[in-house]
Amino acid sequence: MSRCTEMERYLFDLNGYLVLKNALSEDEVAACNELLDELQDVGPGEWRGYVQGHNFTGSHEGLNLQQIYEAGAPFENLIDHPSWIEKVIHFIGTDQKNFDGLHGPCFIDENFASIRGPGQAIGLHSGGQDRITRCQFRYHDGRFHCGQINILMALNDISEGDGATMVIPGSHKSNIQHPEFDAAAMSTVATSAEGVAGAEEVFLEAGDAILFVDAIMHGSAARRNSGQRRIAVYRYGPSWGFFRHNYRPSAALLSRLSPERREIVMPHKPAMVPPEQ
């Protein structure tokens, strides 16, 4: 397990994100891409097993494959991957035993793979000024208490022109709405993060990952090169949270997960009811 270093704590607090080099092995990346080769023709709203094609606002975003941990072992193995799971739990704030103990260490409320081609992107969104509980950044008494920690994994190289993820470092602590995101200007920045003051591209090699708090402003540049940008995103939060969408893990997935992974995927226990009279 890869524990948090003091330097990682400092840089995460300062910038709102970390780059985890070589988080996935070459074999892990290859296995994930093999499954994506089989799924890339799934259209929005279509199902392939328990994986659904999806996008948020239109085809300019590319294809999301929701519930990607249902696709097979390569994506199941990312649920509690040793390259990041202890860091995730640390920044959520449940790695110490003084939380209530009634819940698990964390919960995945959304997981998907994303495939983008030329011209596709997503605009910047979020920011500390929103003060949303689900996505909050908070630090108190020497501990982080973050509402959502995202792991974005590069499944191929993402460099200049490839549609890299973009962030505004430090924006997870912002008290002020980005001036370019006034209602009158929003239409000019809604489909790409490029050209927005303060936004920086984060280039990755296949197997690298970005760990970031959802409160940071984030999006992507438009892909200008041929080919595809392939990533996967797992969103982690406290285990008392609930699913972002109406997807639920299948009985088949839950039955084959280890107890530790099952606790992350479905920490919600059956309701307590009185015995029949």
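Modeller: Let's start with Arg131, which sits in the loop between β5 and β6. Strands here are DSSP runs of E with at least two residues, helices are runs of H or I with at least four, and both are numbered from the N terminus. Before going on, note that this is a predicted model, where local features need pLDDT of at least 70, side-chain atom pairs count only at pLDDT 80 or more, and totals for chains, interfaces and linings use all residues. Residues are numbered from 1 along each chain as its sequence is written, and side-chain values use heavy atoms, with hydrogens and water left out.

Back to Arg131: its phi is positive, about 50°, although it is not a glycine. Arg131 counts as exposed because its relative accessibility is 53%. The scale goes like this: buried is under 20% relative accessible area, exposed is over 50%, and partly exposed is in between, using a 1.4 Å probe and protein chains only. Ser126 also lies in the loop between β5 and β6 (139–140). Ser126 has a positive phi too, near 75°, and is not a glycine either. With 19% relative accessibility, though, Ser126 counts as buried.

Now step back into β5 itself, residues 107–116. This strand is mostly covered, with 10 of its 10 residues buried. Strand β5 has β4 (residues 63–66) as an antiparallel partner, joined through 4 bridges; two strands pair when DSSP finds at least two bridges between them. In that pairing, Gln66 faces Phe112 of β5. Strand β13 (residues 229–237) also runs antiparallel to β5, this time with 9 bridges, and there Ile115 is opposite Arg230.

His54 sits opposite Asn64 of β4. On β3 (residues 51–54), Val51 and Gly53 point one way and Gln52 and His54 the other, and all are buried. Next comes β2 (residues 47–48), paired with β3 in the antiparallel sense by 2 bridges, where Trp47 has Gln52 as its bridge partner. The hairpin of β2 and β3 has 2 residues between the strands, and Gly49 in it takes a positive phi near 65°.

What about the packing? The largest nonpolar core has 64 residues, and Phe12, Leu65, Phe75, Trp84, Tyr234 and Tyr236 have the most contacts inside it. A nonpolar core is a set of buried Ala, Val, Leu, Ile, Met, Phe, Trp, Tyr and Cys residues joined through side-chain atoms within 4.5 Å. Take Trp84: residues up to four places away in sequence aside, Trp84 touches Leu20, Ala23, Leu24, Leu78, Ile151, Met153 and Tyr236, where contact means heavy atoms within 4.5 Å. There is a second, separate core of 9 residues, including Leu124, Met166, Ala193 and Ala221.

Helix α4 (residues 85–92) is where we find Lys87. Of the 8 residues in α4, 7 are buried, so the helix is largely enclosed by the rest of the structure. Lys87 belongs to that buried set, along with Ile85, Val88, Ile89, His90, Phe91 and Ile92. Its 2% relative accessibility is why Lys87 counts as buried. A polar atom of the Lys87 side chain lies 3.1 Å from the backbone oxygen of Arg3. Beyond neighbours within four places in sequence, Lys87 is in contact with Ser2, Arg3, Cys4, Glu8, Leu20 and Leu211. Just after α4, Gly93 has a positive phi of about 105°.

One more sheet: 3 antiparallel strands form an open one in the order β10-β9-β12. Strands β10 (200–202) and β12 (218–220) stand at its edges with a single partner strand each, so one side of each has no neighbour in the sheet. Strand β9 (residues 165–167) pairs with β10 over 3 bridges, antiparallel, with Glu200 in β10 as the bridge partner of Val167.

Finally, confidence. The protein's mean pLDDT is 91, and 92% of its residues reach 70 or more. Over residues 183–190, however, the pLDDT is below 50, and this stretch has 9 contacts in the model beyond near neighbours in sequence. That score is the predictor's confidence in each residue, from 0 to 100. Where pLDDT is low, the predicted coordinates should not be read in detail.

Definitions and conventions: Polar contact = N/O pair within 3.5 Å; in protein donor to acceptor, adjacent residues only side chain to side chain.
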